[in-house]
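Morning, everyone. Take a look at the model first.

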Amino acid sequence: MSCLMVERCGEVLFENPEQNVKCVCMLAASSPPPLPMAGQGDVRLRGQTGVPAERRGSYPFIDFRLLNNTTHSGEIGSKKKVRRLLSFQRHFHESRLLRGMTPQAPLHLLDEDYLGQARHMLSKVGMWDFDIFLFDRLTNGNSLVTLLCHLFNSHGLIHHFKLDMVTLHRFLVMVQEDYHGHNPYHNAVHAADVTQAMHCYLKEPKLASFLTPLDIMLGLLAAAAHDVDHPGVNQPFLIKTNHHLANLYQNMSVLENHHWRSTIGMLRESRLLAHLPKEMTQDIEQQLGSLILATDINRQNEFLTRLKAHLHNKDLRLENIQDRHFMLQIALKCADICNPCRIWEMSKQWSERVCEEFYRQGDLEQKFELEISPLCNQQKDSIPSIQIGFMTYIVEPLFREWARFTGNSTLSESMLNHLAHNKAQWKSLLSNQHRRRGSGQDPAGTAPETLEQTEGATP
């Protein structure tokens with residue numbers, strides 16, 4: 001069976017039209033076919049809402065013939081070999097869902113080979129010390145898909161919204177694969193980490209009792225897709241290199257707009273919500289945009305000032321959909337920059353990853369004789385200095401107000417304690433660096449104006 005691979009959305013075109021139909025049916029089961037795409041690269045779709053949607057066409061080639069051969073021809077061999085060739089999630093759906101078997105017991109989304117440590121970790125997914133790096137290894141690099149499937153199931157969203165499990169899985173795989181694995185920081189593991197944090201925040205007593213299933217689904221989807229297709233460079237880099245996304249969004253929240261429109265494209269392409277009323281899908285798309293756009297660090301003061309005013313005036317009414325949505329925005333902003341509030345071992349690893357991404361951008365700028373962006377010069381901007389400034393001017397103010405909102409919940413106190421400990425650790429490391437270099441520089445960290453200059457300077 002010969003095939004041509006088209007570099008867009010994982011589409012596989014076979015020479016025989018009947019083979020195309022067979023391939024699509026195997027993936028979609030009873031779901032309608034995806035929206036047609038045209039061309040490579042960023043593609044803008046316009047649906048009934050008039051909101052443009054983007055897909056960058058990064059979804060990698062998957063040989064769906066493998067699934068077909070496994071069932072019918074026996075060419076692949078043993079089940080163990082199949083599991084080596086397929087991820088356990090795809091094997092799960094090939095062996096159970098795609099054969100039309102409906103689970104009678106509660107839905108467990110891990111293959112039997114992974115039911116040990118990974119399943120045990122999922123039982124503790126609401127704990128703040130959840131190790132997303134270990135979970136990603138245990139799930140063979142499928143942490144985002146596995147986590148979202150579990151959370152959608154445990155929150156009752158699959159049942160409430162009557163979601164097709166195969167379609168949900170296909171959508172989540174699209175999201176996961178649209179993250180760039182070569183990015184040290186802005187990758188699918190970061191998305192999974194933010195999603196796990198968002199899950200913890202959605203359980204805060206001051207918020208949880210007011211949340212509707214739609215609120216929960218929006219929060220989890222926005223967390224999962226908030227950085228999708230991130231190029232590993234920040235907005236100023238896109239602007240000064242005259243990138244087409246900067247031109248498209250007129251230099252305003254360039255990356256966040258792209259993340260949102262890409263998410264809409266994948267939702268429409270997968271037809272995950274196609275069975276819902278048109279007005280509801282329009283509302284979901286708009287609210288997802290509002291949530292994802294709130295992660296723009298250039299809007300930090302806007303949201304922080306508004307949150308302080310609400311808490312000072314004691315006028316938050318979470319029965320009101322607007323106030324509830326605002327707190328979802330705040331929760332997502334907290335989840336997006338919560339790394340300094342994790343235990344030191346994980347926080348330090350995230351810090352090193354984000355700084356490595358900054359330094360790679362600086363190397364690119366130096367290579368092309370561009371001015372090196374703030375925080376991106378490895379010779380001048382040390383990891384401790386960057387992190388101390390980030391914690392002092394960005395993280396601490398937001399998380400202090402979040403703690404006020406939660407009534408100093410156990411989780412909030414734990415996060416602030418971790419934050420103080422981690423900041424002290426970085427100050428100690430910075431002092432040691434200065435002693436070795438004989439520098440008298442004040443170890444106060446990067447100035448706030450420098451952080452504000454660099455979109456994406458925060459994790």
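**One turn of helix H20**

Glutamate 401 and arginine 404 both sit in helix H20, residues 383-406, and because they are three residues apart there, about one helical turn separates them. Keep in mind that this is a predicted model. The two side chains form a salt bridge, with the closest N and O atoms 2.6 Å apart. Buried or exposed, what is glutamate 401? Glutamate 401 counts as buried, at 8% relative accessibility. Arginine 404 has 43% relative accessibility, so arginine 404 counts as partly exposed. The cut-off for buried is under 20%.

Now step back to the whole protein. We have 459 residues, and 55% of them are buried. The secondary structure is 22 helices and four strands. The accessible surface comes to about 20200 Å². Carbon and sulfur atoms hold 51% of that surface.

How many salt bridges does a search of the whole structure find? The search finds 10. One of them joins arginine 342 and aspartate 193, N to O at 3.2 Å. Why does this pair tie together parts 149 residues apart in sequence? Because arginine 342 is in the loop between helix H18 (321-336) and helix H19 (344-367), while aspartate 193 is in helix H10, residues 188-202. Arginine 342 is buried, with 1% relative accessibility. Aspartate 193 is buried too, with a relative accessible area of 1%.

Next pair. Arginine 324 and aspartate 215 meet through their side chains in a salt bridge, 2.6 Å from N to O. Arginine 324 belongs to helix H18 and aspartate 215 to helix H12, residues 213-225, so this bridge ties together parts 109 residues apart in sequence. Both partners, arginine 324 and aspartate 215, are buried.

Which residues are linked in a network of salt bridges? Glu396, Arg400 and Lys423 are.

Last, the contacts. Take those in the protein between residues at least 6 apart in sequence. Of these, 74% join residues at least 24 apart.

To recap. Glutamate 401 and arginine 404 pair up about one helical turn apart in helix H20. Arginine 342 and aspartate 193 link parts that are 149 residues apart in sequence. For arginine 324 and aspartate 215, the separation is 109 residues. Happy to go back to any of these on the screen.

Terms used. Residues numbered from 1 in each chain as written. Predicted model: local features only at pLDDT ≥ 70, side-chain atom pairs only at ≥ 80, totals over all residues. Heavy atoms only, no water. Salt bridge = Lys/Arg side-chain N within 4 Å of Asp/Glu carboxyl O. Helix = DSSP H or I, 4+ residues; strand = E, 2+ residues; numbered from the N terminus. Buried < 20%, exposed > 50% of the residue type's maximum accessible area, 1.4 Å probe, protein only. Contact = heavy atoms within 4.5 Å. Areas by Shrake-Rupley, 256 points an atom, 1.4 Å probe, with all protein chains shown as cover.
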